[in-house]
Amino acid sequence: MSTTWGLGVPLFSNGAAFADLDNDGDLDYVVNNINDKALLFRNTADKLDQKNIIF
């Protein structure tokens with residue numbers, strides 16, 4: 001699933017942070033990469049039909 005979700009990118013990362021960047025109530029994921037652009041992964045769990053999720 002990591003490739004499907006966009007996490008299978010071969011990069012050298014040295015830092016990461018979680019923050020609610022889009023103010024929707026769930027935490028998004030930011031990864032800092034050396035000699036490359038930072039990656040932003042948007043958490044869309046609030047749009048799922050199932051509500052039995054641990055946040």
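A polar contact is a pair of N or O atoms within 3.5 Å; within protein, one must be able to donate a hydrogen and the other to accept it, and residues adjacent in sequence count only if both atoms are side-chain atoms.

**Before you start**

You are looking at a predicted model, where local features need pLDDT of at least 70 and side-chain atom pairs count only at pLDDT 80 or more, while totals for chains, interfaces and linings use all residues. Residues are numbered from 1 along each chain as its sequence is written, and side-chain values use heavy atoms, with hydrogens and water left out.

**The whole chain**

You will find 1 helix and 3 strands, in the order α-β-β-β from the N terminus. Helices (H or I, at least four residues) and strands (E, at least two) are DSSP runs, numbered from the N terminus. Of the 55 residues in the chain, 11% are buried (under 20% relative accessible area; exposed is over 50% and partly exposed in between, with a 1.4 Å probe and protein chains only).

**Stop 1: W5 and its patch**

Select M1, W5 and L7. Together they form a nonpolar surface patch with about 380 Å² of accessible area. Patches are made of residues with over 30% relative accessible area and no salt bridge; like charges are joined within 9 Å, and nonpolar side chains (Val, Leu, Ile, Met, Phe, Trp, Tyr) within 5 Å. W5 sits in helix α1 and is exposed at 57% relative accessibility.

**Stop 2: F12**

Move on to F12, in the loop between α1 (2-5) and β1. F12 is also exposed, with a relative accessible area of 57%. Beyond its neighbours within four places in sequence, F12 is in contact (heavy atoms within 4.5 Å) with N33 and I34.

**Stop 3: D22 and R42**

Which side chains meet in a salt bridge? Select D22 and R42: they pair at 2.8 Å, N to O, and this is the 1 salt bridge in the structure. The term means a side-chain nitrogen of Lys or Arg within 4 Å of a carboxyl oxygen of Asp or Glu. D22 lies in the loop between β1 (13-19) and β2 (28-33) and R42 in the segment after β3 (39-41), so the pair ties together parts 20 residues apart in sequence. D22 is partly exposed at 28%, whereas R42 is exposed at 56%.

**Stop 4: D28**

Now select D28 in strand β2. D28 is buried without a salt bridge, and R42, the nearest side chain of opposite charge, is 5.3 Å away. For charge, Lys and Arg count as positive and Asp and Glu as negative; His and the chain ends are not counted. What does the D28 side chain reach? Look for the backbone nitrogen of L21 at 3.1 Å, and then for that of N43 at 2.8 Å.

**Stop 5: two asparagines**

Most residues other than glycine have a negative phi. N23, in the loop between β1 and β2, has a positive phi near 55° and is exposed at 69% relative accessibility. Finish at N35, in the loop between β2 and β3: its phi is positive, about 60°, and N35 is exposed at 78%.

How values were computed. Areas by Shrake-Rupley, 256 points an atom, 1.4 Å probe, with all protein chains shown as cover.
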